[in-house]
Amino acid sequence: MKKTAALLMLSSLAFAPTAFSAAPAGTLSVHILNQQTGVPSSDVTVTLEKQQQSGWAQLASGKTDQDGRIKSLYPQDKDMEPGVYKVTFKTGDYFQGQKANTFFPEIPVLFTVTRTNEKLHIPLLLSQFGYSTYKGS
């Protein structure tokens with residue numbers, strides 16, 4: 001009986017998250033859909049920053065793929081700790097490449113992480129003169 005209990009305890013620890021593990025791939029993903037065309041917005045630069053006492057510290061930057069996604073924006077070599085973060089979509093460059101005007105040259109989205117390595121998705125529904133976003137899954 002004692003062996004069975006010990007084995008059960010050890011096996012449960014194998015699947016428990018550790019406080020020292022790095023952020024898993026896909027901890028923070030983004031997606032952009034152009035509402036006017038119904039097509040994903042590819043090649044859009046997206047930056048990630050974390051709020052510090054002295055301002056914002058940049059953590060990562062990337063470009064959306066052909067499906068308008070960055071599947072793993074958060075660096076995998078460190079934990080995504082609780083705090084306030086900002087994802088900035090560089091939409092002015094995107095619309096300039098489409099030979100279109102836009103009212104929003106950048107779209108900053110601030111959000112709060114409440115748990116270490118919490119899996120988050122930030123979708124952006126985009127048009128030249130408006131946008132919407134929400135906490136996705």
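First, some ground rules. The model is predicted, so to speak, by record: local features need pLDDT of at least 70, side-chain atom pairs count only at pLDDT 80 or more, and totals for chains, interfaces and linings use all residues. Four strands make it up, in the order β4-β3-β6-β7, and their pairing is antiparallel. A strand here is a DSSP run of E with at least two residues, a helix is a run of H or I with at least four, and both are numbered from the N terminus. Two strands pair if DSSP finds at least two bridges between them. At the edges of the sheet are β4 (55-63) and β7 (107-113), each of which pairs on one side only. On average, neighbouring strands of this sheet are turned by 25 degrees against each other, direction ignored; the axes are lines fitted to C-alpha atoms, for helices over the stretch in contact, and angles run from 0 to 180 degrees between N-to-C directions.

Within that sheet, β6 (residues 83-89) and β7 run antiparallel and are joined by seven bridges. One example is T88, whose bridge partner in β7 is P108.

Next, β8 and β9. Strand β8 covers residues 120-127, strand β9 covers residues 130-133, and they pair in the antiparallel sense over four bridges. Opposite L124 stands T133 in β9.

Now a single residue. S29 sits in strand β1, residues 28-34. Is S29 buried or exposed? S29 counts as buried because its relative accessibility is 12%, where buried means under 20% relative accessible area, exposed over 50%, and partly exposed in between, with a 1.4 Å probe and protein chains only. Apart from neighbours within four places in sequence, S29 is in contact (heavy atoms within 4.5 Å) with I70, K71, L120, H121 and I122.

Last, the largest pocket. A pocket is an open set of points on a 1 Å grid over the protein atoms alone, where a 1.4 Å probe fits, with protein on both sides within 12 Å along at least five of seven lines; lining residues have an atom within 4 Å of a point. The volume of the largest pocket is about 200 Å³, counted as the space filled by probe spheres set on the points. Its lining has 15 residues, and S42, D43, V44, Y94 and Q98 lie nearest the centre. Which element gives the most to this lining? That is α2, with three residues.

Key
Residues numbered from 1 in each chain as written. Heavy atoms only, no water.
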